[in-house]
Amino acid sequence: MQKLIVLIFVLIARQTAVNGQSTLKLDDILAAIAANHPSVKMYDAGIRASDAAVKGARSWEAPEIGTGMWMTPYNPALWKRNADGSPGMGQYIISAQQMIPNKKELDANENYLRAVSAADKSSKQANLNELYAAAKASYYTWLIAEKKLQVLDDNEKLLQFMIQSTEIRFKNNLGKLDAYYKAKAAIGEIENQRIQLENEIAQAQVRLNTLMNRATQTPFHIDTAYTIKNYSIVDSSYFLNTRSDIKAVQKNIDLAYLQQDLERTKLKPQFGIQYDHMFGFGGLPMQYTLMATVRLPMTAWSSKSEKASIESLKWKAESLRQQQQVMINQANGEAQSLLAAIDSKKRQVTLFQQNILPALQKNYQVLQLAYEQNTGQLFELLDAWQTLNMTQLEYLAQVEDLLNLQTEMDKTLEQN
């Protein structure tokens, strides 16, 4: 009695644990990835770093301050006032100098640093697009495996009915065991398929938990509802305006041009001011120097580095532009190919739904009725069951193919 009570409590606890598991929709999983995946946080940190750098975009060069002896004789005796009343020699100097940056250079530097953050944001979204595609693939693998398990459960009940009916008929000398053991073997095959599908679910759960940055064995259920989407034809301009990886390349092209502007401003003159104050020794009066200074970086021998950088950035921008065009062409080609594949796969799935499966179900029902009325044979009914079971699983495989094509299309179009 005590063992029975313990067993009941164990079963109740297990069922409570199962019921306590959360059920996540695809949108819930994608939102968790966007919030918690380490690579997303990495991009967020990089974006914040770029934004923080903008605060220093308009900084000036540090002032230079100096102090020390100025035009002072080595002989200290000469520092004192002379006997005839003439002042001594030597001075103590305090000097300060400040270069004043060109306003256009500050503007160019600020524009460049602000654009770095924008490029990082596009790269982050492109990375998210890849993560979303990986999540959808695992989600749909799990979803179809659940539906296949349901098919196996339903068909196992039909198979058990056939086995039990055959055993009863054999006991009453109303039937033979010609296909009985084949039906028993089919039970084992169903169990083998079930193990494989449960393994696929377990692996999909680990992958999804990893993408959501959770403990890999965290249990949860998924919503097995799915939607078959309709897509329209797109052109090259769509990808230029929508795909984050392509927009990231455009941001890098803009960065190259902004960096060019920054390098050009470095060729402009820079002005500064210098002030020196001298304290005279031995009655020498205090003196000062006030000078304006100008830096001339545009001279032939001092501008080679900036000019080389400007030329290099021009070709970098051209290289990125060609890379962008390659990506647009590739995305456009993939989209057109996927549209054709999705259209074909939809027709196949529809054929299964409207023609193949209804006909096979009707065939099985007719043979089952005949078997129940002792006018049909077990091997005929078993053959109809095997055909129906295999076709139902094949139909779900076709749906999975369609969902995977849909995932690739969403990734190509960067749609959720």
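A salt bridge, in this talk, is a side-chain nitrogen of Lys or Arg within 4 Å of a carboxyl oxygen of Asp or Glu. R114 forms such a salt bridge with E110, the closest N and O atoms being 3.0 Å apart. The structure before you is a predicted model, in which local features need pLDDT of at least 70 and side-chain atom pairs count only at pLDDT 80 or more, while totals for chains, interfaces and linings use all residues. Residues are numbered from 1 along each chain as its sequence is written, and side-chain values use heavy atoms, with hydrogens and water left out.

Let me stay with the salt bridges. By the rule just given, the count comes to 19. R114 and E110 both belong to helix 4, four residues apart, or about one turn of the helix. Helices here are DSSP runs of H or I with at least four residues, strands are runs of E with at least two, and both are numbered from the N terminus. Salt bridges that share partners join R58, K103, D107, E110 and R114 into one network.

E110 counts as buried, at 17%. R58 is partly exposed at 34%, and R114 is also partly exposed, at 47%.

Helix 4 also holds S122, which counts as buried at 10% relative accessibility.

The side chains of R295 and E61 meet at 3.3 Å, N to O. This pair links distant parts of the chain, with R295 in strand 6 and E61 in the loop between helix 3 and strand 2, 234 residues apart. R295 is partly exposed at 38%, and E61 is partly exposed at 38%.

I turn now to the sheet. Which order do its strands take? The sheet is open, with four strands in the order 2-3-5-6 and antiparallel pairing; two strands pair if DSSP finds at least two bridges between them. Strand 2 (64–70) and strand 6 (287–295) stand at the edges with a single partner strand each, so one side of each is left without a neighbour in the sheet. On average, neighbouring strands are turned by 15 degrees against each other, direction ignored. For such angles, axes are lines fitted to C-alpha atoms, for helices over the stretch in contact, and the angles run from 0 to 180 degrees between N-to-C directions.

Strand 3 (residues 91–100) pairs with strand 5 in the antiparallel sense over ten bridges. Here Q97 stands opposite Q274 in strand 5.

How many bridges join strand 5 to strand 6? Nine do, with strand 5 spanning residues 270–280 and the two strands running antiparallel. Q270 has R295 as its bridge partner in strand 6, D276 has T289, and M278 stands opposite Q287. Strand 5 and strand 6 form a hairpin with six residues between them, and G282 in the turn has a positive phi of about 55 degrees.

Finally, a helix pair. Two packed helices are described by the angle between their axes and the distance between the axes. Helix 8 (residues 304–372) and helix 9 (residues 378–413) pack at about 160 degrees, with their axes 8 Å apart. These two helices are therefore roughly antiparallel to each other; angles under 35 degrees count as roughly parallel, over 145 as roughly antiparallel, 65 to 115 as roughly perpendicular and the rest as oblique. Helix 8 passes helix 9 in a left-handed crossing, meaning that the near helix is turned anticlockwise from the far one by less than a right angle, whereas clockwise would be right-handed.

The residues of this contact divide into 25 nonpolar, eleven polar and seven charged. Nonpolar covers Ala, Val, Leu, Ile, Met, Phe, Trp, Tyr, Cys and Pro, charged covers Asp, Glu, Lys and Arg, and the others, Gly among them, are polar.

How values were computed. Buried means under 20% relative accessible area, exposed over 50%, partly exposed in between (1.4 Å probe, protein chains only).
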